[in-house]
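Open the model in your viewer and keep the sequence panel beside it. This tour goes stop by stop: select, look, move on.

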Amino acid sequence: MSKNSKLDNKDLQLSAEYALGVLNAKDRSHVESRMISDAELRSEVAGWEAQLAPMLEEVDEVPPPARVWQAIENRVAPEEQLHTPVPGGASIWKWLTGLTSTAAVACFGLMVYVSGGDFTGAKFAALQDQYNEMQAEADTLRQSLEVAKTEGEEASSKLLETLQEVTTLSTSLEQARQEVTASGDALMVAQRQVAELETNLQNAETATTDAQNELASAKQELENMEGILVQAQAQLENLNAQINEARPLVASLTSDGELPAFVAQYDPLKKSLHIQTRIEDTDELVPEIWFIPGPGEREGEVLSLGVMSETEPDTVMIAQNLQPLIGNGGTLAITMEQAGGSPTGVATSPIIAIGELQSF
């Protein structure tokens, strides 16, 4: 957040995590104690809170379902009650999915902090620059097309004036010939007039031919420019499609309406899922990540993407047969399984976090 700050990277990270509310009680108390005497740390935390506050105001307040209170009671109940099946069975998939929207703003802020704000990568930036260049070229072509149309209109106007002049000269020539026939005395004068009129008529016909050639050339130039403009538009649409394909997908995986336990980012260029977590490793089980496709032929299936590290950021490569299914509307879920993942390909334990992939 702050430029020229004397705080080290750990302090900057603590400031962001404090503002997001993802610190445990011990670390949060430590930050609050330091802020009493450290003005620069207080300023860093205030800066994060000021930037995140507008995004939090855009999230509508949603009352928690009745099942949330039941989950809280289960957590404070004796140990033997913790293994009681959750009422509703498979319905947990539905209400847990609804909880992901309340943590979307916090997830976005965390991803900005971790990745430096770059969700698209160098490829996306290059495609965006190329798109902007093609848009500028298209604008230039449109301006040239307007100029060519104006020139064509001027050439048409000139041709009409020339044709009118030819008509006028032809009428004058005919009148002169009639005067020669009617008056022999004026023959010499009329002959000179006829010669002049014939010369003027020849010049007018030449000018008409030139104007017709200019008009034909202008029409051809218009057709060429229209073809170039069509090609440029097709290239712009192609680049826009490539940009959309290069956009990453982000998911915030939460449980019981808490802050994200997992933050996942899918890179469509690398075909990989980068996952960060804040949970602690307390047993021999490992987290296995599952994908539930959105609308389509395989909607609602639960597909394993593999196991991941429980305490460190990890990257999961997506199998080739699953790559076409990853997209907006798909959902990620986490269960705790034995080492190596579920041997049956079906989750054997309750879901600990769930979230929907969304495009930014």
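Start with strands 4 and 5. They pair in the antiparallel sense over 4 bridges. Two strands count as paired if DSSP finds at least two bridges between them. Helices (H or I, at least four residues) and strands (E, at least two) are DSSP runs, numbered from the N terminus.

A word on the source before going on. This is a predicted model, in which local features need pLDDT of at least 70 and side-chain atom pairs count only at pLDDT 80 or more, while totals for chains, interfaces and linings use all residues. Residues are numbered from 1 along each chain as its sequence is written, and side-chain values use heavy atoms, with hydrogens and water left out.

**Stop 1: strand 4 and its sheet**

Select residues 286–292, which are strand 4. Its other partner is strand 7 (residues 331–337); the two run antiparallel and are joined by 7 bridges. Now pick Phe291. Which residue stands opposite Phe291 in strand 5? Leu303 does. In strand 7, Phe291 stands opposite Leu332.

Colour strand 4 by burial. Of its 7 residues, 6 are buried, and the strand is mostly covered. Buried means under 20% relative accessible area, exposed means over 50%, and partly exposed lies in between (1.4 Å probe, protein chains only).

**Stop 2**

Select strand 1, residues 249–253. Is strand 1 largely enclosed or left open? It is largely enclosed by the rest of the structure, because 5 of its 5 residues are buried. Both faces are covered. Leu249, Ala251 and Leu253 are on one side; Val250 and Ser252 are on the other.

Strand 1 pairs with strand 2 in the antiparallel sense over 5 bridges. Check two positions: Ala251 stands opposite Ala264, and Ser252 stands opposite Val263.

The bridge partner of Leu249 in strand 9 is Ser359.

**Stop 3: Lys271**

Go to the loop between strand 2 and strand 3 (272–277); Lys271 is there. Its phi is near 55 degrees, a positive value in a residue other than glycine. Most residues other than glycine have a negative phi. Lys271 is partly exposed, with a relative accessible area of 31%.

**Stop 4: Met225**

Select helix 8, residues 187–246, and find Met225 in it. Met225 is buried, with a relative accessible area of 15%. What does Met225 touch, leaving aside residues up to four places away in sequence? It touches Ser144, Leu145 and Ala148; contact means heavy atoms within 4.5 Å.

**Stop 5: Arg28 and Tyr18**

Select this pair. Arg28 lies over the face of Tyr18, at 4.2 Å from the ring centre. A charge sits over a ring if NZ of Lys or CZ of Arg is within 6 Å of the ring centre and within 35 degrees of the ring normal.

**Last stop: the whole chain**

Zoom out. The secondary structure comes to 8 helices and 9 strands. Buried residues make up 32% of the 360 residues. Among contacts between residues at least 6 apart in sequence, 68% join residues at least 24 apart.
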